[in-house]
Amino acid sequence: MKSLILGFFIVFLTSCGMQSIPKSLNEVEAKWAEVQNQYKRRSDLIPNLVSTVKGYASHEKDTLQAVVEARAKATSVNINPENLNKESMEKFSQAQGGLSSALGRLMVVVEKYPDLKANSNFRDLQVQLEGTENRITVARNRYIESIKTFNNLITVPPTSWYNSIFLKHEKKPQFQVTNLKEVENAPAVKF
Amino acid sequence: MGSLFAKDVPALRGPVVDQAGLLSPKVRSALARTLFDIKNQTTNEIVVLTVDSLEGENIDGYSIKVVDQWKLGQEGKDNGVLMLIAAKERKMRIEVGRGLEGVLPDITTGRIIRSMRPHFKNGDYKSGIILGLTQIIEKTGGTLHNAPRAKQRRSGRGSSGLLIIVVIILLLLFRGGSAGGLLAGLLLGSSMGRGGYSSRGGSGYSGGSFGSGGGFSGGGASGDW
């Protein structure tokens with residue numbers, strides 16, 4: 001009897017994760033949705049960008065083709081928040097990283113075409129692309145913060161006790177910078 | 001990373017936080033009044049921040065740090081705008097709250113920045129800032145009181161032509177002496193005679209405080225000069 005009361009007492013005490021863990025999980029999922037949303041926004045800009053560049057720089061077929069292919073690959077990788085794990089995250093980062101570097105190369109090539117750079121349609125696209133890259137950065141940082149909070153809740157006592165008894169959530173993956181080199185070399189889409 | 005890039009966010013003492021001292025006290029207080037007035041009209045919170053230097057931080061990163069801390073705009077409406085100017089780096093950014101991204105898309109903010117650039121190049125920060133703010137206010141549905149209003153026309157060209165006239169008048173008045181200053185104050189919706197507001201002095205201004213919980217997600221545009 002005594003141990004039963006004690007048991008209830010412990011559960012009562014440790015239930016401080018009861019609200020905070022699911023809340024934090026919701027937060028993580030929302031932030032992830034935003035990350036994907038912003039990457040999608042970037043993909044949506046690309047057809048317009050490619051067709052604009054094509055008009056001025058038709059010699060750059062290979063670079064343009066690489067962007068189109070990288071985009072196709074990137075849009076095919078989506079992760080449901082429930083399936084956020086290390087592998088899926090790695091796949092996602094790789095696909096998006098591939099697109100980032102293809103875009104980076106395109107932007108270097110563009111430097112050779114002053115007429116294109118002066119084109120107002122292209123300038124607007126540049127601004128949109130810059131804005132999207134910035135939104136991606138912001139969304140990623142917020143996702144990283146939310147993951148930190150969530151992982152702390154499920155690994156640091158006392159909330160971790162509640163998790164290990166009832167919820168059994170696993171740590172969520174942080175952004176893996178698998179292609180660190182490419183990311184670092186990816187020219188910022190800045191002019 | 002955090003320790004490497006750790007430029008502090010200044011206190012939000014009012015809608016014009018001129019740390020770099022690019023504006024005269026008179027202009028500063030006239031702008032502050034205008035921005036208070038715009039807040040009363042539309043609840044939009046438009047704030048100008050100038051800094052001496054970004055201390056190694058990039059302007060996009062610093063800008064989002066500032067608005068995350070200041071939370072410009074109303075909670076739920078997310079209708080804040082920050083105009084950030086870094087004097088030493090010669091960089092500027094207009095950060096747009098989530099709720100205003102529709103009326104101030106990146107393309108528009110990019111164009112606003114490009115229109116400010118020539119003034120900044122000439123060292124005329126005042127004109128650049130006024131030109132930028134006037135466009136932001138127009139796009140976000142605010143009205144400059146007593147100023148000749150741009151007629152609501154469908155054609156964008158006509159309205160922007162009138163807008164330019166308004167701006168030129170404002171600039172001329174700001175250039176003028178005390179009488180001009182008074183007129184500019186009137187145009188900006190308040191008389192200059194009343195107790196001056198200065199972000200540096202931090203004297204109390206009972207116009208409702210800025211920073212009401214608005215959220216940002218990185219919208220806007222950056223540029224240099």
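A: The answer below starts with the nonpolar cores and then turns to a helix pair and to the chain contact.

This is a predicted model. Its largest nonpolar core has 63 residues. Those that touch the most other members are B:Ile46, B:Leu49, B:Val81, B:Leu82, B:Met83, B:Leu84 and B:Leu133. The element that gives the most to this core is helix 6 of chain A (residues 120–155), with 9 residues. In soluble globular proteins, nonpolar side chains tend to be buried together.

B:Ile46 can be followed in detail. Leaving aside residues up to four places away in sequence, B:Ile46 touches B:Pro15, B:Leu35, B:Ile38, B:Val81, B:Leu133, B:Ile136 and B:Ile137.

Next comes the helix pair. In chain A, helix 2 (residues 17–56) packs against helix 7 (residues 159–167) with the axes 9 Å apart and an angle of about 80°. Angles of 65 to 115 degrees count as roughly perpendicular, and helix 2 and helix 7 of chain A are therefore roughly perpendicular to each other. Helix 2 of chain A makes this contact through A:Gly17, A:Met18, A:Ser20 and A:Ile21, and helix 7 of chain A through A:Thr159, A:Tyr162, A:Asn163 and A:Leu167. The residues of this contact divide into 4 nonpolar, 4 polar and no charged.

Last is the contact between chains. Here 10 residues of chain A meet 10 residues of chain B. On the chain A side, 3 of the residues are nonpolar, 4 polar and 3 charged.

Definitions and conventions:
Residues are numbered from 1 along each chain as its sequence is written. Chains are lettered from A and ligands numbered from 1 in the order in which they are written. This is a predicted model: local features need pLDDT of at least 70, side-chain atom pairs count only at pLDDT 80 or more; totals for chains, interfaces and linings use all residues. Two residues are in contact if their C-beta atoms, placed from the backbone, lie within 7 Å. Ala, Val, Leu, Ile, Met, Phe, Trp, Tyr, Cys and Pro count as nonpolar, Asp, Glu, Lys and Arg as charged, and the others, Gly among them, as polar. Axes are lines fitted to C-alpha atoms, for helices over the stretch in contact, and angles run from 0 to 180 degrees between N-to-C directions. Helices (H or I, at least four residues) and strands (E, at least two) are DSSP runs, numbered from the N terminus. Angles under 35 degrees count as roughly parallel, over 145 as roughly antiparallel, 65 to 115 as roughly perpendicular and the rest as oblique. A nonpolar core is a set of buried Ala, Val, Leu, Ile, Met, Phe, Trp, Tyr and Cys residues joined through C-beta atoms within 7 Å. A residue is buried if 20 or more other C-beta atoms lie within 10 Å of its own, exposed if 12 or fewer, and partly exposed in between; C-beta atoms are placed from the backbone.
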